[in-house]
Amino acid sequence: MGSNGVLRIPIVDLSAFTNNDDPESCQAAAKALAEKVHINGSVGISGHGLASKVLEEAFAVTKKLFDLLYEDKMKAPHPDAMVPNRGYSDIGREKGAAKTALETDDEAKKDNRLLGRVNPYLQLTRLKESYEIGSEQNSVQYNIWLPEDVLPNFRQFTTKFFWELHKTASMILEALIMGLDLTEEEAATIRALHTGHDNQLRLLHYPSISAEMLKNETVGRLQAHTDWSNLTVNSLFTLLFQDSNSGLEFGDRETGDFASAMPKEGVLYMNIGDMLDRVYPSGLHRVVVSGKANGEETPARYSIPYFVTPTPDDVIAPSPSLVARQAKQIYEVVTFNSYSEQMFQRTNVFE
Ligand SMILES: O=C(O)CCC(=O)C(=O)O
Ligand SMILES: [Fe+2]
């Protein structure tokens, strides 16, 4: 149940795609996904095909990583620059997540009631540390690794995991494409933008927060945002995995309330990012501190977002069949890079 005790996040079963079922079953699943995603840009997905053993191992590896001594984690430091967005970020490093599309002067994005509920200037002390990983073949966003002896097999496991997530993401993309009723040519154009080499895997640790610290009003986890950019993350959509400690919440565009994305066996959560906001609404989400309401210690939380991102320089244009259905073209033609640049400017993320 959500903060208001009522809302629920819809869950869609995509096993028809995972099992390569008959076209009718896939159509039905794609239709259900499109319908649910259109509401708030956020859904749970079951039947996603990722083995629970792999996910368990991913969380075990993530915990091992953040359990390392600070000096060891700092052997793979995130550079003090936007690119590459890779390596280890110490607690409190990331500023970007505080700024979202909802804070821009982009009128098209301000048309929902959630805006009134988000205080963009609230300065939270964001208690989290992260580690960013990408494709080994991306020479711009190149990986930054710990020395092998600091955490043996970390590089091997996470790169393999990265491509397994890409497989799942590609299956979800197929379902989203099918839900849009695009022509085969348009679908091929979208597929070509998603090679996986620009995706990003983030390992996250939110340390426990003591009752004493909770007395500090500004202690928090992750403010409400859409995934346009947590320092260069501008996703088409994001897959979210979390441990059993809840905290993730999705916004409801109609009411302005937030609903808890309860951890459920076999369910991943997906939120639409701002790149796809041009077709489906982007999902506003946040991570709350569970102890805030009662002043009790909040346990540590681990989560693993996977950001699905198009190739940076290719043209992203409205699909002609969608324009025809709307009888007008609403969005301009962009590249992923030009759009990100625009968003950085609009939200003054550098200030
Ligand atoms: O920790 C989570 O569950 C959400 C993380 C997130 O939204 C992000 O990193 O953009
Ligand atoms: Fe996010």
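The legends below describe several close-up views of a predicted model.

Residues are numbered from 1 along each chain as its sequence is written, while chains are lettered from A and ligands numbered from 1 in the order in which they are written. In this predicted model, local features need pLDDT of at least 70 and side-chain atom pairs count only at pLDDT 80 or more, whereas totals for chains, interfaces and linings use all residues.

**View 1. The protein chain as a whole has nine helices and 16 strands.** Helices (H or I, at least four residues) and strands (E, at least two) are DSSP runs, numbered from the N terminus. Of the 351 residues in the protein chain, 41% are buried; a residue is called buried if 20 or more other C-beta atoms lie within 10 Å of its own, exposed if 12 or fewer, and partly exposed in between, with C-beta atoms placed from the backbone.

**View 2. Helix α5 covers residues 154-180.** This helix has 27 residues and reaches 38 Å from its first C-alpha to its last, close to the 39 Å expected at 1.5 Å a residue, where the expected span is 1.5 Å times one less than the number of residues. Among the buried residues of α5 are Phe154, Phe161, Leu165, Ile172 and Leu176. Just after α5, Asp181 takes a positive phi of about 55 degrees.

**View 3. Helix α2 (residues 23-40) crosses helix α5.** Their axes, which are lines fitted to C-alpha atoms over the stretch in contact, with angles from 0 to 180 degrees between N-to-C directions, come within 8 Å and cross at roughly 85 degrees. The two helices are therefore roughly perpendicular to each other, a term for angles of 65 to 115 degrees, while under 35 counts as roughly parallel, over 145 as roughly antiparallel and the rest as oblique. In α2, Cys26, Gln27, Ala29, Ala30, Lys31, Leu33 and Ala34 meet Ala175, Leu176, Met178, Gly179 and Leu180 in α5, where contact requires that the C-beta atoms of two residues, placed from the backbone, lie within 7 Å.

**View 4. Four strands form an open sheet in the order β8-β13-β10-β11, with antiparallel pairing.** Two strands pair if DSSP finds at least two bridges between them. The edge strands are β8 (222-225) and β11, each of which pairs on one side only, and the twist averages 25 degrees from one strand to the next.

**View 5. Strand β10 (residues 248-251) has side chains on two sides.** Leu248 and Phe250 point one way and Glu249 and Gly251 the other, and all are buried. Three bridges join β10 to the antiparallel strand β13 (residues 285-287), in which Arg286 stands opposite Glu249 and His285 stands opposite Phe250. Three bridges also join β10 to β11 (residues 258-260), again running antiparallel, and here Glu249 stands opposite Ser260. Between β10 and β11, which form a hairpin, there are six residues, and Gly256 in the turn has a positive phi of about 85 degrees.

**View 6. Glu212 is found in helix α7 (residues 211-214).** This residue is exposed, with 9 other C-beta atoms within 10 Å. The C-alpha atoms of Glu212 and Glu296 are separated by 8.8 Å, although the two residues are 84 apart along the chain.
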